[in-house]
Amino acid sequence: MVLSGKLITELGIKTPAERFYKLFAEELHEAQVHCERVHHTKLHEGEDWHDTDTVKHWTYVIDGEVHTCYESIEEVDKQNKKNTWKLFGGDIDKHYKVFKLTLEVTDKADGTGVVKWVIEYEKINEDIDPPNGYMDYLNKCTRDIDAHLIKGEKVAL
């Protein structure tokens with residue numbers, strides 16, 4: 001009986017790695033502007049979106065259904081463009097004991113980047129499916145954010 005697992009995906013992006021990562025490291029409160037799958041975000045506890053002591057409340061759509069959860073930052077590694085978040089409460093706790101999300105963005109020689117998402121989870125029981133819908137959600141959000149950031153850079157030039 002396997003209750004825990006890890007899902008990993010890597011996606012090439014057109015946005016420079018530093019710019020893509022900056023959205024998650026310094027501008028996360030603007031995620032709903034860049035991605036239509038994020039319906040609402042707000043600070044639940046704390047005053048700074050990027051402080052490890054804050055808790056954010058998220059409302060988002062996966063597979064056509066509205067979901068909610070809370071999120072807190074576990075690790076920020078700006079040098080390596082890597083963040084880890086813990087998701088809990090809301091719909092997460094209905095299926096998972098542990099749900100961690102890691103983003104790592106790396107540079108490519110041509111000025112673009114690669115986004116790596118890792119979901120680490122522990123299911124509450126063996127009848128729960130792995131969070132494949134969340135991985136699909138992250139893939140789609142990555143594409144939306146990349147397109148939005150590229151469009152914004154072209155307008156700024």
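Analyst: Let us start with a salt bridge, defined as a side-chain nitrogen of Lys or Arg within 4 Å of a carboxyl oxygen of Asp or Glu. Here E74 forms a salt bridge with K100, and the closest N and O atoms are 3.2 Å apart. The two partners lie in distant parts of the chain, E74 in strand β4 and K100 in strand β6, 26 residues apart. Helices (H or I, at least four residues) and strands (E, at least two) are DSSP runs, numbered from the N terminus. Please note that this is a predicted model, in which local features need pLDDT of at least 70 and side-chain atom pairs count only at pLDDT 80 or more, while totals for chains, interfaces and linings use all residues. Residues are numbered from 1 along each chain as its sequence is written, and side-chain values use heavy atoms, with hydrogens and water left out.

User: Is E74 buried or exposed, or partly exposed?

Analyst: Buried means under 20% relative accessible area, exposed means over 50%, and partly exposed lies in between (1.4 Å probe, protein chains only). E74 has a relative accessible area of 38%, so E74 is partly exposed. K100, at 29%, also counts as partly exposed.

User: How many salt bridges does a search of the whole structure find?

Analyst: The search finds 7. Among them is the bridge between K78 and E26 (4.0 Å, N to O). K78 is in the loop between β4 and β5, whereas E26 is in helix α1, 52 residues away. Another joins K97 and E122, whose closest N and O atoms are 3.8 Å apart. Because K97 lies in strand β6 and E122 in strand β7, this pair ties together parts 25 residues apart in sequence. K97 counts as exposed at 54% relative accessibility, and E122 as partly exposed at 26%.

User: Which pair is edge-to-face?

Analyst: One example is Y96 with Y121: the ring centres are 5.9 Å apart and the planes stand at 75°, so the pair is edge-to-face. Both residues belong to an aromatic cluster formed by Y60, Y96, F99, Y121, Y134 and Y137.

User: What is a nonpolar core, and which residues touch the most other members here?

Analyst: In soluble globular proteins, nonpolar side chains tend to be buried together. A nonpolar core is a set of buried Ala, Val, Leu, Ile, Met, Phe, Trp, Tyr and Cys residues joined through side-chain atoms within 4.5 Å. The largest core has 33 residues, of which F20, W117 and I119 touch the most other members. Helix α3 gives the largest share of this core, 7 residues.

Key
Phe/Tyr/Trp six-rings, centres within 6.5 Å; stacked < 30°, edge-to-face > 60°.
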